Amino acid sequence: MDRTLIKYALTNIPAGQAVTVAGWIRTTRHSKGGFSFLTINDGSCMASIQAVADGKLANYADELVHLSAGSSVVVTGALAESPAKGQTVEIQASEVRVLGASDAATYPIQPKRHSFEYLRTQAHLRPRTNTFGAVARVRSALSFAVHEFFQQRGFLYVHTPIITTSDCEGAGELFRVTAMDLADLPRDPAGNVDGEQDFFGRPTFLTVSGQLEGETYACALGNIYTFGPTFRAENSNTPRHLAEFWMVEPEMAFCDLAGDADLAEEFLKFLFRVVLERCGDDMKFFNDRIDKTVIETLEHVTDSPFERITYTEAIDILAAADRSWDYPPRWGADLQTEHERFLAEETFAKPVVITDYPAQIKPFYMRLSDDGKTAAAMDVIVPRIGEIIGGAQREERLDVLEAQMKAQNMAPDDYWWYLDLRRYGTVPHAGFGLGFERTVQFITGMVNIRDVIAYPRTPRSADF
Ligand code: 4AD
Ligand code: MG
């Protein structure tokens, strides 16, 4: 269909010119004087365009006067300067073709404000609302910017597997992948489920991270990144956790922790700047309707250096704070969201890179410091969200890595290929994982992570 996107009809085309637009009706006003105002949205931008349908149109009495929200239409007509407030142009329709009518009484997205909780039950129609249209456009712009950032810097995009046999984070939060008949599981002579008879001949899982495979490509090709879905069977019902989320994982050979932190800071600032530059109308909407500070925060964050502190310094700051904590800060325990938010919101009021965590609370692959107590770990925390990036310099010494694996009850033989990187031409290397949904949350001000992904998967919920 030869249609003009509404974003161009509203901005790029002079009044007087004829256009055809297609979309879904947001609101209708049928005037007694024998004409109708239809506002039409096609998702190309936040704004809808108004079409004026005259009573003289052939299908007016039979069809157009019955139109309601949710109907799909194709409208042709001349663009005219609009007398309506806030509208630049409207269409004086010479033809309104109804593709699919909608039933006003039952259409789940009524022209009024719905709660986000309700809209989650209508996830198939919620992209037709202003908020979810804007989230989808920002998400798309950000995805493109991820590739742009890395491609401009010569990083190769690597597709790591979704089905794996390893547990990168060692947290045991794995979804099992099986083709076995659950009602009739094959057993070995001892009576245990026989994984050898499964599709792959061994137990397999959905990946929690593409890092380990990413490292193998970095240790051959230099700088790489992945960008794909990851899965965690983590029973966390919070506004910041999903069971299926997207992660961006760069990995750099010949790089240490400081270089890793530099890349993380440059990357986040790039993403924030892109959104401010390219998603102006959507960001204005989030700033007006969702969180009055999002634009100011993004501008501030892109203009000032991130704070960098060690975990030990963080614990000292938290311990000295006049606060009652749910989890009192203690050296050796992981930082909780309440601690991360305190540091990013109150102490520094900007993103903070926290490095050198106790080795025993971090995964096996992080490089051990000389005193054996801390690992070359790095988290980037931001106001409102807490952790948005987790990363590390990797352990490149074979003997230390094997010892770390054994200390964490892992069988080094299972990871023989990962250890080969340390056997044959080992190099210092580092990388991180950016939680894509948490980034969208931070940028848009959306409070619940379930509202920044099209179809959220969370404990006890996999609708649609
Ligand atoms: O800190 P995480 O677990 O790090 C890794 O997986 C490393 N292998 C990454 C690497 O070094 N290549 O996860 C990275 C980020 C977190 O900082 C967080 O933003 C996000 O992924 N994340 C989640 N986002 C939504 N729901 C969850 N359940 C998440 N778990 C982690
Ligand atoms: Mg982490």
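**Aromatic ring notes**

I counted 23 aromatic pairs, taking rings of Phe, Tyr and Trp (its six-membered ring) with centres within 6.5 Å, and calling planes under 30 degrees apart stacked, over 60 edge-to-face and the rest tilted. I worked on a predicted model, where local features need pLDDT of at least 70 and side-chain atom pairs pLDDT 80 or more, while totals for chains, interfaces and linings use all residues. Residues are numbered from 1 along each chain as its sequence is written, chains are lettered from A and ligands numbered from 1 in the order written, and side-chain values use heavy atoms, without hydrogens and water.

I opened Phe-267 and Phe-432 and found a tilted pair, 6.2 Å centre to centre with 40° between the planes. Phe-267 sits in helix H5 (residues 257–278) and Phe-432 in strand E16 (residues 429–435), 165 residues apart; helices (H or I, at least four residues) and strands (E, at least two) are DSSP runs, numbered from the N terminus.

Buried means under 20%, exposed over 50% and partly exposed in between (1.4 Å probe, protein chains only).

Next I checked Phe-364 and Tyr-418: centres 5.9 Å apart, planes at 75°, so the pair is edge-to-face. Phe-364 and Tyr-418 are both buried.

Last, I saw the charged end of Lys-362 over the ring of Tyr-357, 4.2 Å from its centre (NZ of Lys or CZ of Arg within 6 Å of the ring centre and within 35 degrees of the ring normal).
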